[in-house]
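Please look over the two-chain model shown below. A short report on its chains, contacts and selected residues follows.

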Amino acid sequence: MIELKNINKSFGELDVLNDISIQFEAGKTNLIIGQSGSGKTVLLKSIIGLHEVDNGHIYYDDRDFTRMNFSEKKLIRKEMGMVFQGGALFDSLSVEENVRFPLDMFSEMSEDEKRERVLFCLDRVDIKKAHKLFPAEISGGMQKRVAIARAIALNPSYLFCDEPNSGLDPVTAIVIDKLIQEITKEYNMTTIINTHDMNSVMEIGEKILFINKGLKAWEGTSDMIFDTENKALNNFVFASNLFKKIKKEI
Amino acid sequence: MSFIENIGRYILFLNRVFSKPERGKVFFAQIIKEIYKLGVNSVGIVVIISVFMGAVISLQTAYNLVNPLLPDYLVGYTTRESMILEFSSTIVGLILAGKVGSNIASEIGSMRVTEQIDALEIMGVNSASYLIFPKIIAAVFINPFLYVLSVFVGIMGGLLASYMADTVSITDFLYGVQFGLIPYYITYSLIKTLVFAFIITSVPSYYGYFVSGGALEVGKASTKAVVNSSILILLANLILTQILLK
């Protein structure tokens with residue numbers, strides 16, 4: 001579980017996050033949604049420690065991340081996996097080497113055990129055949145799969161995904177969403193996904209945090225979205241004609 | 001960002017670079033890779049430039065030795081001294097600042113804008129140390145070999161040009177090459193090469209590491225890296241010459 005308590009973050013005069021508090025539960029796909037510029041990426045980067053928060057607390061299973069020193073943060077980072085928007089695969093390494101990288105850096109496994117683990121992770125995301133290829137030689141969807149495989153290589157307790165299906169076609173996007181949800185349940189991870197994709201919200205939104213202008217504007221599940229009176233959330237979720245129609249029919 | 005702020009950030013950056021590697025085995029493998037990338041891949045350009053420079057120095061010297069009292073072996077002597085003292089250390093350093101420097105700045109800059117550096121940090125890897133420390137060690141190790149190669153090939157280029165243009169005899173040229181050698185000049189130039197190797201790798205790494213934005217900024221960082229490392233090489237050359245040859 002990850003718990004945020006009264007998180008504030010500003011850049012100079014600009015307040016980006018204001019008093020955000022929420023609990024993200026283990027074994028569930030927790031989504032952070034909001035318009036571009038609402039502060040969701042800053043929030044995700046603050047949770048993983050790429051930004052220092054101005055005040056407030058971030059708890060990783062009761063361990064206060066904001067009070068940790070550099071080496072304590074480094075230790076907890078070994079329990080994190082992250083899927084970046086563009087995949088962030090290492091260009092100079094093959095698919096297999098990318099997934100193997102965290103094992104080489106942090107595990108005490110033997111060469112055979114590492115090979116086995118890499119193949120297991122690649123198999124889990126259904127991309128075993130491409131293990132010799134380089135990131136530039138595979139499609140965007142495949143890159144996301146490799147990024148997921150790399151993120152789960154060390155069996156993390158926390159998985160973070162920054163817009164995992166951006167730039168993907170709707171079919172591949174759903175496949176990636178479902179894959180993340182399955183892995184989350186399989187390993188009972190606390191997964192936080194940053195997205196503005198409405199299909200993701202409806203398909204895998206087990207817990208949703210809606211941020212509007214740096215404030216926590218709404219919290220709930222994908223089922224609750226249809227009944228909410230929150231104007232900002234309705235304007236955001238039901239912006240397209242298709243979703244307006246769906247809401248009307250429901 | 002002001003000049004002073006840049007210096008401060010550069011020092012803090014070096015502090016992160018020179019920290020204990022996470023895994024010795026991975027670190028060693030990275031050094032070998034970098035030796036190949038920064039050193040072996042630069043052999044071609046070093047050889048080509050050194051041959052031509054050695055040849056031009058020998059021809060210019062020969063055509064300017066109009067006084068019959070000056071011995072012919074001065075052509076070989078001048079070629080050797082020019083290569084040892086200045087060309088093979090400073091000029092090769094400047095050329096490598098362009099080739100290797102732009103390569104490093106754009107490689108690390110691209111990793112920054114595509115979030116690969118963030119990915120390393122999230123994993124708990126000290127990205128500055130993992131990416132840059134091996135480059136510095138590799139360049140400091142391999143550049144003295146490139147220096148020696150450059151001196152040798154440059155003198156051979158001078159010999160070949162003298163022979164083909166029939167300016168001095170091979171015997172005179174080789175006599176000049178062996179005449180009055182001061183071994184300390186080689187030490188002096190090797191020290192310069194080590195300092196230049198550090199500049200060539202650390203300065204472009206710094207500019208690449210702190211890129212923010214997209215491809216345009218990576219290009220700008222690459223240009224800044226080459227210009228500033230070239231200026232620093234010239235400055236270091238002046239200071240080291242004053243200190244070491246006084």
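Does Asp61(A) count as buried, partly exposed or exposed? Asp61(A) counts as partly exposed, because 13 C-beta neighbours lie inside 10 Å. The scale calls a residue buried if 20 or more other C-beta atoms lie within 10 Å of its own, exposed if 12 or fewer, and partly exposed in between, with C-beta atoms placed from the backbone.

## Basis of the model

This is a predicted model: local features need pLDDT of at least 70, side-chain atom pairs count only at pLDDT 80 or more, and totals for chains, interfaces and linings use all residues. Residues are numbered from 1 along each chain as its sequence is written, while chains are lettered from A and ligands numbered from 1 in the order in which they are written.

## Chain A overall

Chain A contains 10 helices and 10 strands. Helices (H or I, at least four residues) and strands (E, at least two) are DSSP runs, numbered from the N terminus. The C-alpha atoms fill a box of roughly 55 × 45 × 30 Å along the principal axes. With 250 residues, a compact globule would have a radius of gyration near 18 Å; chain A has 18 Å, so the two agree. That radius is taken over C-alpha atoms, and the globule rule is 2.2 Å times the number of residues to the power 0.38.

Of the 250 residues of chain A, 41% count as buried. Among contacts in chain A between residues at least 6 apart in sequence, 65% join residues at least 24 apart. Two residues are in contact if their C-beta atoms, placed from the backbone, lie within 7 Å.

## Two domains in chain A

Chain A splits into domain 1 (2-79 + 157-249) and domain 2 (94-155). These bounds come from an automatic or database domain assignment. The C-alpha centres of domain 1 and domain 2 of chain A are 25 Å apart. Their contact takes 11 residues from domain 1 of chain A and 10 residues from domain 2 of chain A.

On the domain 1 side, helix 6 (residues 170-187) of chain A gives the most, with 6 residues. That side divides into 8 nonpolar, 2 polar and 1 charged. Here Ala, Val, Leu, Ile, Met, Phe, Trp, Tyr, Cys and Pro count as nonpolar, Asp, Glu, Lys and Arg as charged, and the others, Gly among them, as polar.

## Helices 5 and 6 of chain A

Two packed helices are described by the angle between their axes and the distance between the axes. Helix 5 (residues 140-152) and helix 6 of chain A pack at an angle of about 10°, with their axes 10 Å apart. The two helices are therefore roughly parallel to each other. Angles under 35 degrees count as roughly parallel. Axes are lines fitted to C-alpha atoms, for helices over the stretch in contact, and angles run from 0 to 180 degrees between N-to-C directions.

From helix 5 of chain A come Gly141(A), Lys144(A), Ile148(A) and Ile152(A). They meet Thr172(A), Ile176(A), Leu179(A), Ile180(A) and Ile183(A) in helix 6 of chain A. By class, this contact has 6 nonpolar, 2 polar and 1 charged.

## Positive phi in chain A

Most residues other than glycine have a negative phi. Asp61(A) has a positive phi of about 45° although it is not a glycine. Asp61(A) sits in the loop between strand 4 (55-60) and strand 5 (63-64) of chain A.

Ala88(A) also has a positive phi, near 55°. Its place is the loop between strand 6 and helix 3 of chain A. Ala88(A) is buried, with 24 other C-beta atoms within 10 Å.

## Where the chains meet

In all, 14 residues of chain A are in contact with 13 residues of chain B. On the chain A side, helix 2 (70-77), strand 6 (80-83) and helix 3 (95-106) each supply at least two residues. Helix 3 of chain A gives the most, with 3 residues. This side has 9 nonpolar, 1 polar and 4 charged residues.

## Chain B

Chain B has 9 helices and 0 strands. Its C-alpha trace spans about 70 × 40 × 35 Å along the principal axes. Buried residues make up 43% of the 246 residues in chain B. Of the contacts in chain B with a separation of 6 or more, 87% are between residues 24 or more positions apart.

Tyr207(B) lies in helix 8 (residues 183-209) of chain B. Tyr207(B) counts as buried, with 27 C-beta neighbours inside 10 Å. Leaving aside neighbours within four places in sequence, Tyr207(B) is in contact with Ala105(B), Ala221(B), Lys224(B) and Ala225(B). Thr187(B) is also in helix 8 of chain B, but Thr187(B) is exposed, with 11 other C-beta atoms within 10 Å.

Methods. Parallel < 35°, antiparallel > 145°, perpendicular 65-115°, else oblique.
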